[in-house]
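Here is a short briefing to read beside the model. It starts inside one chain and then moves out to the chain contact.

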Amino acid sequence: MRKALLPTIIIIAAILIVIRLFYLQVIDDTLKLKSDNNAIKIIYDYPERGYIYDRNGKLIVANQPSYDIMVTPRDVKNIDTLELCKLLNITKGDFDRILAKAIVYSPRLPSVFLPQLNKKEYAAFQEKQRKFQGFEIVKRSLRDYQTTAGSNIFGFITQASEKIIEKNPYYKPGDLIGKQGVEQEYEEILRGRKGVKYRQRDKFNKDIGSYKEGKFDTIAIQGEDINLTIDIALQEYGEELMTNKRGGIVAIEPKTGEILALVTAPSYDPAILVGRERSRNYTKLFNDSISKPLFDRGLLAVYPPGSPSKIITGLIGLQEGVIDEQTTFMCNHGFSYARGRFMRCHGSGPHQLYNGITQSCNAYFGNVYMKTINKFVRPADGVDVWSKHARSFGLGEYMGYDLPVGKRGLIPTSKTYKRIYPNGGWRSTAIVSNAIGQGEILMTPIQLANMMATVANEGFYYTPHIVKRIKDHQIEQKFKNKHVTTIDKKYFKPVIEGLHGVYNGGTASALKIEGIEICGKTGTAENFAKINGVRTQLTDHSIFVAFAPKDNPKIAIAVLVEHGYYGARNAGPIASLMIEKYLKGVITRKDLEKKIYDNDLQKEYAKYISGQPFGINGR
Amino acid sequence: MKNQSVRSNIDWVIVSIYIILVILGWLNIFSSSSPVEVTSIFDMNYEYGKQLLFIIVTIPLIIVVLSIDAKFYEKFSSIIYAVALLGVAGLFVFGKEIKGQTNWYSFGSFSLQPAEFAKAATALALAKYLGDVQINLNDVRKQIIGLAIIALPILLIIPNDPGSALIFTALSLVLYREGLPAWYLWTGFIAIILFVMSLLLQPVYIVLISLVVIALIYLRTRLVNRNIVFSAIILVLISAYTFSVSYVFDNVFQDHHRDRFNVLLGKRVDDKGIGYNINQSKIAIGSGGWYGKGFLEGTQTKGGFVPEQHTDYIFTTVGEEWGFIGSTVVILLFIGLILRIIYLAERQKTKFSRVYGYCVASILFIHFFINTAMVLGMFPTVGVPLPMFSYGGSGLFAFTILIFIFVKMDANKVNEW
């Protein structure tokens with residue numbers, strides 16, 4: 001017995017120690033993590049963000065260096081706080097607040113202390129940096145815009161939020177990330193990949209060489225440059241024309257689906273979202289809930305399209321065989337489509353398709369629409385067929401373009417009306433407003449533009465897109481797929497003739513351009529808003545869609561000016577000037593241009609929020 | 001047979017394990033003390049260079065120890081013991097203070113730690129006393145002398161170096177092996193339990209718990225054997241002990257002693273201050289995982305996060321760089337060495353060498369256990385080196401002498417015929 005005691009104790013002790021070792025080394029993971037935090041410091045090498053060029057290779061977005069001061073709270077020791085505050089022009093309160101926030105994030109990882117210093121501030125700090133242990137400077141690149149236009153297209157770059165950092169481990173505090181527009185959509189291509197260096201540190205935080213001879217280190221990969229489909233001159237011109245107006249312009253190259261211009265108004269200079277003022281300026285833009293400068297009207301605003309949808313109505317009528325070019329409908333300042341129901345029209349006379357389009361006759365298209373729907377025994381089937389045709393123009397659905405935001409718009413189907421009339425009993429007469437784009441039907445400007453591009457192509461379109469070329473990359477295949485409409489090619493010819501007639505004796509005769517054959521369609525959309533809870537009619541939206549030249553279309557365009565009154569008043573001239581600018585490069589009609597520049601709709605917009613009674617449509 | 005050389009009688013198992021441990025120890029010292037660029041492994045500016053020198057010096061030392069006649073150790077054990085005690089006592093006068101402890105004699109650049117050598121000397125003295133005469137440890141006088149041999153160095157060492165003093169308590173296991181009544185060990189064992197409990201609980205509760213336990217034992221004993229007076233005395237002793245431990249802990253212990261216990265018992269969390277060592281030690285070992293980070297690849301080791309890593313915390317390097325597998329191998333080597341020594345001790349022909357062997361095993365074991373338990377956060381921080389691993393000449397020489405005297409005795413047993 002006495003002999004056994006010591007060996008027994010020894011064996012029990014050994015087992016205890018091995019169990020404890022097993023627990024610490026194999027089971028408990030927290031220690032492994034702590035060791036990495038302890039001993040390895042990660043240094044990032046930020047690559048320069050890719051440049052952005054326009055379709056003609058003009059540089060529009062470049063970079064400028066910016067310097068962030070980072071702080072690692074644990075390493076902050078014996079510093080002269082007052083001197084630092086004075087140097088950086090912050091208060092002691094700021095200092096305490098920022099440092100406290102940094103500690104909350106992590107005492108041993110760097111967080112941003114003061115972002116985006118300019119060169120002068122940087123130089124002043126760098127000189128004395130060694131006095132401030134725990135503070136370091138990280139160089140990043142910020143955007144340097146070569147244009148004041150296109151902010152809605154570019155988006156902007158900003159510090160990655162805590163939410164993003166949590167979700168995507170690539171981003172660390174202080175890292176920049178693209179938000180909105182191309183910067184967001186092509187973030188990974190533009191940003192490249194930051195390089196990582198693992199350095200070993202000793203307990204004094206002193207660098208003692210690379211970790212595992214740099215086995216895990218990576219080299220920064222430069223961000224790639226991008227060519228947009230945008231013609232920056234056209235974009236700038238569009239934004240100028242939209243000064244003091246609200247609305248959107250979308251121009252598309254029909255042959256490719258490339259977006260030539262994507263204007264939203266009001267807009268802002270992209271440069272104000274760079275640098276230390278960024279956050280203040282962004283808040284200002286964000287809080288402007290009246291003119292909503294951050295709201296991309298070209299992509300997001302859904303409007304009743306008004307007369308341009310007559311193009312669709314006509315095409316569908318032809319395709320369904322309910323009319324041909326010679327089919328005539330009478331118009332007597334409108335027409336009576338049901339007992340006691342009358343659709344007003346501004347003209348009169350017997351109209352065939354051509355005149356129907358050029359004079360934008362409500363009566364003509366109301367009849368066409370009703371004939372189309374009434375071709376089917378059940379109006380629901382008629383609506384669905386009509387809807388199917390309309391959707392083949394890319395309407396009523398997300399378009400799938402390469403920008404992060406969009407709206408579906410609305411092309412009503414039988415389901416829509418089932419919701420509106422749960423008891424059924426609705427007939428073509430109830431929904432006839434769709435014929436002229438005033439019913440349930442809603443479109444975004446980009447959908448309107450794409451519809452025009454489809455007409456220009458006589459029955460097909462490519463999904464609109466904003467990026468033309470990425471170095472060493474093909475653009476996505478989906479932008480090369482032809483979408484063919486359900487309308488036969490032959491039916492487009494007469495409609496295009498009608499659209500051409502709009503400029504020749506039609507509603508846009510005054511907007512002809514010397515030497516360019518344009519096809520277009522005016523639109524004047526009634527619209528309503530709730531003002532103090534009362535549904536109130538506001539001045540019509542001025543709408544215009546067009547493409548040119550007629551025989552070899554190079555640009556299809558949709559212009560929408562909110563409350564711009566009738567189509568030929570605001571949207572028409574803008575579309576005409578844009579086409580001239582794009583096709584000719586110069587503006588010959590300076591008086592028209594000046595008239596548009598001078599047309600300030602701010603007073604119109606102010607009326608609606610003034611709280612006073614107001615007249616609309618010029619009254 | 002009689003002229004057979006010592007070499008062929010040497011127990012090569014012990015020697016092999018010893019050599020492996022020394023080599024492994026040096027590799028880990030190298031890892032924990034080498035700078036980024038190593039110019040020479042003999043670089044005397046670094047601990048690994050000095051340790052290599054110490055290792056080389058052990059070779060002649062071993063030869064000397066093995067050459068001396070085994071009888072010498074027995075004959076001169078009293079003198080060796082006396083010299084060792086003088087050496088330890090002399091520290092009070094001539095000692096040099098290093099890192100707050102006066103454990104060293106300094107001869108120029110060379111320092112000597114007499115307490116290390118006192119372990120072997122005490123082992124010899126104890127073996128001599130227990131083996132010299134037909135001693136019956138049931139005799140209280142003999143018990144007292146036996147315990148006194150152990151207690152004397154403890155009393156001399158404890159003021160300067162409580163860690164080393166603790167080592168000598170292991171020799172009480174040897175006394176038990178040689179016949180010391182079991183209740184000594186029980187008393188010691190219960191004393192330790194009560195000590196730990198008194199740190200965790202109020203003394204009053206401990207007394208209450210003891211009362212319940214004693215009452216239960218009392219009630220379960222047969223009527224004839226019941227002794228109410230004896231039980232009462234035990235309870236009084238426990239109460240007195242508990243309260244005095246509490247008093248000593250609160251009033252006699254210094255802050256840093258208290259902290260070591262408090263950190264271990266989880267009563268105080270302070271990873272930056274007093275708990276820093278043990279926290280870093282656990283991080284380093286824990287980060288090793290199954291297979292470790294590989295030799296010279298330990299980030300904690302390279303970063304020097306673990307204080308005193310090359311001495312008392314050398315096992316953290318093993319844990320970090322060699323992982324669970326490597327650490328377990330090292331543990332098995334130690335256990336193998338100690339069990340082998342016990343096995344051989346039991347086979348010794350003379351009582352002297354048996355007791356000595358037991359002493360060697362006990363001393364090695366308590367070093368090993370306290371050191372690894374401390375590094376793994378299971379034992380308060382005390383300065384106890386890991387034999388053959390921890391940096392330090394005195395320690396290495398002392399363990400070498402301690403082990404090889406036994407190797408010599410063991411090799412000699414055949415010659416006694």
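The cover over the buried residues of α10(A) includes β3 (59-71), β11, β12, α20 (571-584) and α21 (590-598) of chain A. The model is predicted. Chain A has 22 helices and 20 strands. Of its 619 residues, 44% are buried.

**Helix α10 of chain A**

- Helix α10 spans residues 232-241 of chain A and is mostly covered. Seven of its 10 residues are buried.
- Which residues of α10(A) are buried? They are A:Ile232, A:Leu234, A:Gln235, A:Tyr237, A:Gly238, A:Glu239 and A:Leu241.

**How α10(A) packs on α20(A)**

- The two helices, α10(A) and α20(A), pack at an angle of about 155°. Their axes are 10 Å apart.
- Angles over 145 degrees count as roughly antiparallel, so α10(A) is roughly antiparallel to α20(A).
- α10(A) and α20(A) cross in the right-handed sense.
- From α10(A), the contact uses A:Leu234, A:Tyr237, A:Gly238 and A:Leu241. From α20(A), it uses A:Ile574, A:Leu577, A:Met578, A:Lys581 and A:Tyr582.
- By class, this contact of α10(A) with α20(A) has seven nonpolar, one polar and one charged residues.

**A:Ala261 in strand β12**

- A:Ala261 lies in strand β12 (residues 258-265) of chain A.
- Is A:Ala261 buried or exposed? A:Ala261 is buried, because 29 other C-beta atoms lie within 10 Å and the cut-off for buried is 20 or more.
- Leaving out residues up to four places away in sequence, A:Ala261 touches A:Ile230, A:Asp231, A:Leu234, A:Gln235, A:Gly238, A:Ile249 and A:Ala251. Among these, A:Leu234, A:Gln235 and A:Gly238 are buried residues of α10(A).
- A:Ala261 and A:Met578 are 317 residues apart along the chain. Their C-alpha atoms are separated by 9.5 Å.

**A:Ile252 in strand β11**

- A:Ile252 sits in strand β11 (residues 247-253) of chain A.
- Why does A:Ile252 count as buried? It has 31 C-beta neighbours inside 10 Å, and a residue is buried at 20 or more.
- Beyond its neighbours within four places in sequence, A:Ile252 contacts A:Gly257, A:Glu258, A:Ile259, A:Leu260, A:Ala449, A:Asn450, A:Ala453, A:Pro464 and A:Ala556.
- A:Ile252 and A:Ala558 are 306 residues apart along the chain, with their C-alpha atoms separated by 8.9 Å.
- Chain A as a whole: of contacts between residues at least 6 apart in sequence, 72% join residues at least 24 apart.

**Sheet and hairpin in chain A**

- One open sheet has three strands in the order β1-β8-β9 (chain A), with antiparallel pairing.
- Its edge strands are β1 (40-45) and β9 of chain A, and each pairs on one side only.
- From one strand to the next, the twist averages 35°.
- β1(A) and β8(A) share six bridges in the antiparallel sense. A:Tyr44 has A:Val196 in β8(A) as its bridge partner.
- Elsewhere, strand β18 (residues 519-531) and strand β19 (residues 534-548) of chain A pair in the antiparallel sense over 12 bridges.
- Across that pairing, A:Gly520 stands opposite A:Ala546 in β19(A).
- How many residues lie between the strands of the hairpin of β18(A) and β19(A)? There are two, and A:Asn532 takes a positive phi near 50° in this hairpin.

**Where chain A meets chain B**

- The contact joins 31 residues of chain A to 39 residues of chain B.
- On the chain A side, α1 (2-27), α2 (30-39), β8 (195-201) and β9 (207-210) each supply at least two residues.
- Which element gives the largest share of the side of chain A that touches chain B? It is α1(A), with 16 residues.
- By class, that side of chain A has 16 nonpolar, five polar and 10 charged residues.

**How α1(A) packs on α17(B)**

- α1(A) packs with helix α17 (residues 351-375) of chain B at an angle of about 20°. Their axes are 11 Å apart.
- Angles under 35 degrees count as roughly parallel, so α1(A) is roughly parallel to α17(B).
- The crossing of α1(A) past α17(B) is left-handed.
- α1(A) contributes A:Leu6, A:Ile10, A:Ala13 and A:Ile17 to the contact. α17(B) contributes B:Ala361, B:Ser362, B:Phe365, B:Phe369, B:Thr372 and B:Ala373.
- By class, the contact of α1(A) with α17(B) has eight nonpolar, two polar and no charged residues.

Notes
Residues numbered from 1 in each chain as written. Chains lettered and ligands numbered in written order. Predicted model: local features only at pLDDT ≥ 70, side-chain atom pairs only at ≥ 80, totals over all residues. Contact = placed C-beta atoms within 7 Å. Helix = DSSP H or I, 4+ residues; strand = E, 2+ residues; numbered from the N terminus. Nonpolar A, V, L, I, M, F, W, Y, C, P; charged D, E, K, R; others polar. Buried ≥ 20, exposed ≤ 12 C-beta atoms within 10 Å, placed from the backbone. Axes fitted to C-alpha atoms, helices over the stretch in contact; angles between N-to-C directions. Parallel < 35°, antiparallel > 145°, perpendicular 65-115°, else oblique. Left-handed = near helix turned anticlockwise from the far one by under 90°. Pairing = 2+ DSSP bridges.
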